[in-house]
Amino acid sequence: MTDLVVRRLLIDLETPFDRHWCGGDAFRSALFNALSMSFPVGEQFFIDSVRNGFKALPPEQQQRFKAEVQGFVGQEATHRRVHALFNAHLDKQGLVNDWAPRAQKRLKLLEGADARHWLAITAANEHFTAIFAEWMLQNHDWLDGSEARLKTMWLWHSAEESEHKSTAFDLYQALGGTHEWRITWFRRVTLIFLGDTLRQTINNLRHDGTLWKWRTWKSAASYLFGKRGLVRQSYRPWREYLRPDFHPSQQESDLSRRWLEDNMNAYTPVGA
């Protein structure tokens with residue numbers, strides 16, 4: 001089990017930021033904004049999934065997970081709060097969050113379902129966020145030109161996602177979740193996640209008035225499919241989840257630890 005530290009981010013999220021806050025790039029700003037729009041609803045679902053999974057464990061196993069679950073819940077609750085503040089500025093910019101209400105409607109279909117289904121969905125989403133987080137930490141220069149506070153926010157979030165990427169996965173296995181259902185939900189989540197990301201990004205660009213500009217599509221092609229593109233570099237770690245012997249810890253690196261050590265002035269541990 002991992003000791004997960006809950007951290008309070010020491011940045012200003014009250015002051016508004018530019019519409020194209022990500023280095024002046026319309027596409028990258030729209031993509032990050034789309035992801036942020038999904039986080040408050042998504043993080044709450046992950047919290048509920050892990051809490052319910054923990055409660056479903058036999059008492060003799062709960063002690064093994066207790067500290068990690070508390071850390072996971074604390075980190076995700078902090079992410080939810082920070083991105084709610086960020087999203088409030090997007091609302092004022094005239095962007096419309098269609099992802100969150102769509103996700104809430106789908107999640108209602110899971111009410112009363114076995115806790116392992118919730119955990120399988122959470123583990124699949126956590127794999128996506130962990131892949132994106134690792135890629136962000138490796139390619140942090142894509143955020144150069146952005147306000148320092150916003151670059152810090154996204155890299156802090158990435159570092160913590162890398163830290164807790166195994167929690168839901170381990171709970172799922174501890175409850176006897178099968179490989180078949182893990183993969184079934186992973187494939188479904190892949191289609192839903194990619195579809196929602198695309199729809200919300202396009203929606204953001206349309207409201208921004210930059211959807212049909214050549215530089216928007218040029219930026220998208222480079223960011224997603226270029227030599228260091230997100231899709232190009234993420235396909236292989238995405239595919240590894242399909243292996244029967246896969247575990248998130250197999251994709252460990254020291255990038256998360258190094259960022260947290262090098263940026264201790266950006267946060268304070270809660271309760272320290």
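The model is predicted: local features need pLDDT of at least 70, side-chain atom pairs count only at pLDDT 80 or more, and totals for chains, interfaces and linings use all residues. Residues are numbered from 1 along each chain as its sequence is written, and side-chain values use heavy atoms, with hydrogens and water left out.

F128 is found in helix α4 (helices are DSSP runs of H or I of at least four residues, strands runs of E of at least two, numbered from the N terminus). Apart from neighbours within four places in sequence, F128 is in contact with F186, V189, T190, F193, L194 and W238; contact means heavy atoms within 4.5 Å. The C-alpha atoms of F128 and E161 are separated by 9.9 Å, and these residues are 33 apart along the chain.

## Aromatic pairs

The whole structure holds 27 aromatic pairs. Rings of Phe, Tyr and Trp (its six-membered ring) pair if their centres lie within 6.5 Å; planes under 30 degrees apart count as stacked, over 60 as edge-to-face and the rest as tilted. F128 and F186 form a tilted pair, 6.0 Å centre to centre with 35 degrees between the planes. F128 lies in α4 and F186 in α7, so this pair ties together parts that are 58 residues apart in sequence. Both F128 and F186 are buried.

W142 and Y223 have ring centres 4.8 Å apart and planes at 85 degrees, so their pair is edge-to-face. W142 lies in the loop between α4 and α5 (148-163) and Y223 in helix α8 (residues 214-225), so the pair ties together parts 81 residues apart in sequence. W142 counts as buried at 17% relative accessibility, and Y223 is buried with a relative accessible area of 0%. Ring pairs also link a cluster whose members include W142, Y223, F27, F32 and F132.

## α4 against α5

Two packed helices are described by the angle between their axes and the distance between the axes. For α4 and α5 the angle is about 130 degrees and the axes are 8 Å apart. Axes are lines fitted to C-alpha atoms, for helices over the stretch in contact, and angles run from 0 to 180 degrees between N-to-C directions. α4 and α5 are therefore oblique to each other (under 35 degrees is roughly parallel, over 145 roughly antiparallel, 65 to 115 roughly perpendicular and the rest oblique).

E126, T129, A133, E134, M136 and L137 of α4 meet L155, S158, A159, E161 and S162 of α5. By class, this contact has 5 nonpolar, 3 polar and 3 charged residues. Ala, Val, Leu, Ile, Met, Phe, Trp, Tyr, Cys and Pro count as nonpolar, Asp, Glu, Lys and Arg as charged, and the others, Gly among them, as polar.

Helix α1 and helix α4 (residues 115-138) pack at about 140 degrees, with axes 9 Å apart. That makes α1 oblique to α4. In α1 the contact residues include F32, L35, F45 and F46, and in α4 they include W118, L119, I121 and F132. The contact of α1 with α4 divides into 11 nonpolar, 5 polar and 2 charged residues.

Helix α1 (residues 26-56) packs on helix α7 (residues 179-208) at about 125 degrees, with axes 8 Å apart. That makes α1 oblique to α7. Among the residues in this contact are F27 and L31 of α1 and F193 and D208 of α7. The contact of α1 with α7 has 9 nonpolar, 5 polar and 1 charged.

Methods. Buried means under 20% relative accessible area, exposed over 50%, partly exposed in between (1.4 Å probe, protein chains only).
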